[in-house]
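Open the model in your viewer and show it as a cartoon. The stops below say what to select next.

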Amino acid sequence: MIKKIAWDTFKKTGDINTFMEFSQIKEIEKKIEEEKNGNNKDKRDYIS
């Protein structure tokens with residue numbers, strides 16, 4: 001959904017920076033979701 005919003009905003013404004021900012025938000029949301037689901041490795045996993 002974020003990608004669609006970013007693309008629509010880019011089409012209306014022509015500002016690539018807006019598209020890039022939305023893309024970064026999408027990546028941040030993905031990382032947060034991975035951490036919630038426990039899919040992100042913690043540094044402690046590498047110690048053992």
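A residue counts as buried under 20% relative accessible area, as exposed over 50% and as partly exposed in between, with a 1.4 Å probe and protein chains only. By that rule, 8% of the 48 residues in the chain are buried. This is a predicted model, in which local features need pLDDT of at least 70, side-chain atom pairs count only at pLDDT 80 or more, and totals for chains, interfaces and linings use all residues. Residues are numbered from 1 along each chain as its sequence is written, and side-chain values use heavy atoms, with hydrogens and water left out.

Start with the whole chain. It has three helices and zero strands; helices (H or I, at least four residues) and strands (E, at least two) are DSSP runs, numbered from the N terminus.

Next, select residues 2–13, helix H1. Gly-14 follows H1 and has a positive phi, near 75°.

Gly-38, with a positive phi near 80°, follows H2.

Axes are lines fitted to C-alpha atoms, for helices over the stretch in contact, with angles from 0 to 180 degrees between N-to-C directions.

Finally, show side chains where H1 meets H2, including Trp-7 and Phe-10 in H1 and Phe-19 and Phe-22 in H2. Contact means heavy atoms within 4.5 Å.
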